[in-house]
Amino acid sequence: MSDNGFHPPQRTLMGPGPSDVPPRVLEALARPTIGHLDPRFIELMDSVKSRLQQVFLTGNPLTMPVSAPGSAGMETCFVNLVEPGEKVIVCINGVFGMRMRENVIRCGGEAIVVEGEWGRAVDPEAVKEVLDAHPDARHLAFVHAETSTGARSDAETLCALAREHECYTIIDTVTSLGGIPVRVDDWGADAVYSGTQKCLSAPPGLSPVTFSERAVEKVRQRKTPVQSWFLDLSLVMNYWGEGASRAYHHTAPVNALYGLHEALGILLEEGLENAWRRHALHHEALKAGLEAMGLRYVVPEEERLPQLNAVWIPEGVDDAAVRRRLLEDFGLEIGAGLGDFAGRVWRIGLMGHSCNRRNVLFCLSALESVLAQMQAPIETGVAVEAAMAAYADA
Ligand SMILES: Cc1ncc(COP(=O)(O)O)c(C=O)c1O
């Protein structure tokens, strides 16, 4: 690194996040820092909240960005809702479900695990069986879009099951928000968290969360204080809450919030439905190209996330060497496998601003070139054509 500061290289980000940040957001981040209690900043906070409500499709007054990344949003939901001794049914079909279980244990809760196959959606039948077997369970927790595998679970059905069994729902929408429908109010979801660096295309570091009125009521009725001071919503609400006194809680990440505000504005200008359609369209084209090359998807078609394309690494191919060549020769980042899938799977993201035709065609050509040079067992000369044909058919 030179003494002139850090100048990051220009990359194309097609991994599991962060995604490419649009120039409008970068420009917003560079605007002058003002005080976090400045009346003009309070206006911005109100607007961020309103935009988040529109994106989460909720009227929940307690909707705000936690000042830390997605993992802190996850932790906010668990530490506030789960009291010691409470039973939480946790669906695990990948890495992030495992982290949910860890959160339950650290809250002093009892985690009842519904173990699912990696690369598959959470099975509602299996969840129903466990809910039936544990009528005293208080919560159901699951990941809507499992970034470690590319599987999409049926949040609407899972929320309905939870309601029938009088459970609160804790839902991870870190990778889903902005890429596929997240309908907090229609689902009747209780505690939902997300991240900024996936389909919202703001830099990492903030975690939008939203709590239903009944979830807020449960937090108010807690018998024990929340073990985390920073994430205790009863304190944070005095800063972010409806009609709040805007009492100092922590120094808000002022410029990061300018960036999130702009990113949400871009998404709302496009329209949620158009953004969902865009993710589906480019996924179809990428899929056509990857499959023409001979790569196989991990997740069955009807359970796939458009924004996270997990494919098996062809036999005998050196995972790390391919990703290094893509990064060094093409400036292209794709994701490695996580957990059980490390070394076996690539995760190609089509998230937010990164989800466009140019990137799809670029990724297919770059991957084909690197794999062909390594004499990997793939079809050459067909991927881009297949993607173009998919676009023509759309
Ligand atoms: C599904 C899911 N949940 C939680 C997280 C954690 O988010 P962060 O890395 O921003 O803390 C991620 C990050 O990739 C994720 O994909």
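I take a residue as exposed when its relative accessible area is over 50%, as buried when under 20%, and as partly exposed in between. I note at the outset that the model is predicted.

**Entry 1. Glu 166**

I looked up Glu 166 and read a relative accessibility of 67%, so I put it down as exposed. Its place is the loop that runs between helix H6 (155-164) and strand E8 (168-172). I also checked the backbone: Glu 166 is not a glycine, yet its phi is positive, at about 55 degrees.

**Entry 2. Leu 57**

I then turned to Leu 57, another non-glycine residue with a positive phi, here about 55 degrees. I found Leu 57 in the loop between H2 and strand E2 (62-66). Is Leu 57 exposed or partly exposed? I read 30% relative accessibility, and Leu 57 therefore counts as partly exposed.

**Entry 3. Gly 17 to Pro 18**

Which peptide bond did I note as cis? I noted the one from Gly 17 to Pro 18, where omega is near 5 degrees. I located Pro 18 in the loop between strand E1 (12-14) and H1.

**Entry 4. Salt bridges, count**

I kept in mind that side chains of opposite charge can pair when their charged atoms come close. For a salt bridge I required a side-chain nitrogen of Lys or Arg within 4 Å of a carboxyl oxygen of Asp or Glu. By this rule I have 19 salt bridges.

**Entry 5. Glu 262 and Arg 24**

I read 2.8 Å between the closest N and O atoms of Glu 262 and Arg 24, which form a salt bridge. Helix H10 (residues 254-270) holds Glu 262 and helix H1 (residues 23-29) holds Arg 24, so this pair ties together parts that are 238 residues apart in sequence. I then compared the cover on each partner. Glu 262 has 13% relative accessibility and counts as buried, whereas Arg 24 has 36% and counts as partly exposed.

**Entry 6. Glu 43 and Arg 40**

I recorded a salt bridge between the side chains of Glu 43 and Arg 40, at 3.2 Å from N to O. How many residues apart are Glu 43 and Arg 40 in helix H2 (residues 39-56)? They are three residues apart, which means a separation of about one helical turn. Glu 43 is partly exposed, with a relative accessible area of 47%. Arg 40 counts as exposed, at 57% relative accessibility.

**Entry 7. Glu 270 and Arg 278**

I recorded a salt bridge here too, with the side chains of Glu 270 and Arg 278 meeting at 2.7 Å, N to O. Glu 270 counts as partly exposed at 26% relative accessibility. Arg 278 also falls in the partly exposed class, at 22%.

**Entry 8. Negative patch**

Where do Asp 154, Glu 156, Asp 185 and Asp 186 gather? I found them in a patch of negative charge on the surface. I looked up one member in detail. Asp 185 sits in helix H7 (residues 184-187). I read 39% relative accessibility for Asp 185, so it counts as partly exposed. A patch member must have over 30% relative accessible area and no salt bridge.

How values were computed. Residues numbered from 1 in each chain as written. Predicted model: local features only at pLDDT ≥ 70, side-chain atom pairs only at ≥ 80, totals over all residues. Heavy atoms only, no water. Patch = residues over 30% accessible without salt bridge, like charges linked within 9 Å, V, L, I, M, F, W, Y side chains within 5 Å. Areas by Shrake-Rupley, 256 points an atom, 1.4 Å probe, with all protein chains shown as cover. Lys, Arg positive; Asp, Glu negative; His and termini not counted. Charge placed at Lys NZ, Arg CZ, Asp CG, Glu CD. Helix = DSSP H or I, 4+ residues; strand = E, 2+ residues; numbered from the N terminus. Buried < 20%, exposed > 50% of the residue type's maximum accessible area, 1.4 Å probe, protein only.
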